[in-house]
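Hello,

I am passing on a structure that you have not worked with before. Please open it first, and then read my notes below.

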Amino acid sequence: MSTSPNLPEIKQFLIDLARECGTIIKSKSGKETYSDKLNSVDLVTAIDKAVESLVSKTIKEKYPEYQFIGEETHVPGVTALSDVPTFIVDPIDGTTNFIHNFPYSCISLGFTINKKPTVGVIYNPHLNLMFHAIKGQGAYLNEDKLPSLESRPISLQSSIVALESGSDRSGELFDNKMQTFRNLLSKEKGFIHGFRSFGSAAMNIAHVATGQLDAYWEGGCHSWDVTAGWVILEEVGGVAVCGNPGEDDIGVDNRVFLFVRGGVKEEQKKFIQEFWSNCQGTLKYE
Ligand code: IPD
Ligand code: CA
Ligand code: CA
Ligand code: CA
């Protein structure tokens with residue numbers, strides 16, 4: 001008979017694992033050669049693969065009954081997300097930062113049940129930032145509980161938003177992304193305070209959770225980029241909005257996602273509507 005997952009135990013296990021991997025990531029940052037994946041700005045190092053291999057081995061030893069999805073071993077359609085409890089792992093999120101020794105890379109460890117993000121751990125070893133959460137039990141940065149931001153005012157016009165170019169730099173998707181950036185920045189349209197492009201999806205979501213960023217938007221994320229951050233963000237009143245309405249299945253690759261911090265509910269809704277009205281072409285939904 002299968003028992004339901006022990007979530008506090010799983011979270012602590014992931015925190016310990018994140019620290020172990022963080023030591024490796026920090027010690028190798030800026031010291032690795034790299035190779036290309038899909039193109040010359042989609043990069044991977046031996047450490048991405050070694051960390052994923054360590055994580056996968058450790059998880060499979062401790063939790064053989066659960067599934068595992070990791071960026072570096074993912075095979076579309078084969079390692080698809082199912083309802084079975086699943087660990088979803090990005091061994092290094094922010095590989096380009098890692099290669100350049102810019103201290104904004106992390107390990108992102110998520111756990112889903114019935115495809116729903118349920119436990120999330122994100123660790124940036126350079127800055128010693130350990131974000132962690134269990135669905136329904138609050139989110140933490142290191143030892144401190146993150147405050148809910150549900151009563152904080154929010155508006156697009158006074159926002160700072162993380163936007164990422166991603167590694168697909170050609171064709172219609174790229175054009176639409178760049179036009180969306182323009183729309184958000186332009187005086188005639190979004191006119192946000194500013195955008196930032198830090199190069200790590202998971203860290204971006206974590207900083208939306210703390211309220212240091214108001215939102216993070218990207219066309220082209222995968223489950224390993226977003227699962228852990230999703231749990232952390234929702235615990236503080238933030239919302240994750242998927243660009244394909246009616247489909248909240250995080251297992252679908254290359255999704256458009258908008259992550260918005262906690263804020264006064266009506267204002268948060270207005271923020272989302274205004275944000276989408278600035279999105280261009282196929283990145284927009286009505
Ligand atoms: C990437 C980073 C980047 C984002 C890309 C991701 P990786 O992850 O999070 O900020 O723009 O969409 O793929 O490849 O460094 O794990
Ligand atoms: Ca990658
Ligand atoms: Ca990633
Ligand atoms: Ca990665």
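Leaving aside neighbours within four places in sequence, which residues is Ala209 in contact with? They are Phe131, Ala139, Leu146, Ile232, Leu233, Val236 and Gly238; two residues count as in contact if their C-beta atoms, placed from the backbone, lie within 7 Å.

Before the rest, a word on conventions. This is a predicted model, in which local features need pLDDT of at least 70 and side-chain atom pairs count only at pLDDT 80 or more, while totals for chains, interfaces and linings use all residues. Residues are numbered from 1 along each chain as its sequence is written, and chains are lettered from A and ligands numbered from 1 in the order in which they are written.

Now the overall picture. The protein has seven helices and 14 strands, taken as DSSP runs numbered from the N terminus (helices: H or I, at least four residues; strands: E, at least two). Its C-alpha trace spans about 55 × 40 × 35 Å along the principal axes. Among contacts between residues at least 6 apart in sequence, 68% join residues at least 24 apart.

An automatic or database domain assignment divides the protein into domain 1 (7-145) and domain 2 (156-283). Their centres, taken over C-alpha atoms, are separated by 21 Å. Across the boundary, 38 residues of domain 1 are in contact with 27 residues of domain 2. On the domain 1 side, β6 (116-124) gives the most, with seven residues.

Ala209 also belongs to the largest nonpolar core, which has 72 residues. Such a core is a set of buried Ala, Val, Leu, Ile, Met, Phe, Trp, Tyr and Cys residues joined through C-beta atoms within 7 Å, where buried means that 20 or more other C-beta atoms lie within 10 Å of a residue's own, again placed from the backbone. Ile205, Ala209, Ala215, Ile232 and Phe259 touch the most other members.

Finally, have a look at ligand 1. It is surrounded by 14 residues, each with its C-beta atom, placed from the backbone, within 6 Å of the ligand. The closest are Asp93, Thr95, Glu164, Gly166 and Ala201. β12 (215-221) supplies the most, with three residues, and β4 (86-93) supplies at least two. Here too, each domain contributes at least three residues.

Enjoy exploring!

Methods. A residue is buried if 20 or more other C-beta atoms lie within 10 Å of its own, exposed if 12 or fewer, and partly exposed in between; C-beta atoms are placed from the backbone.
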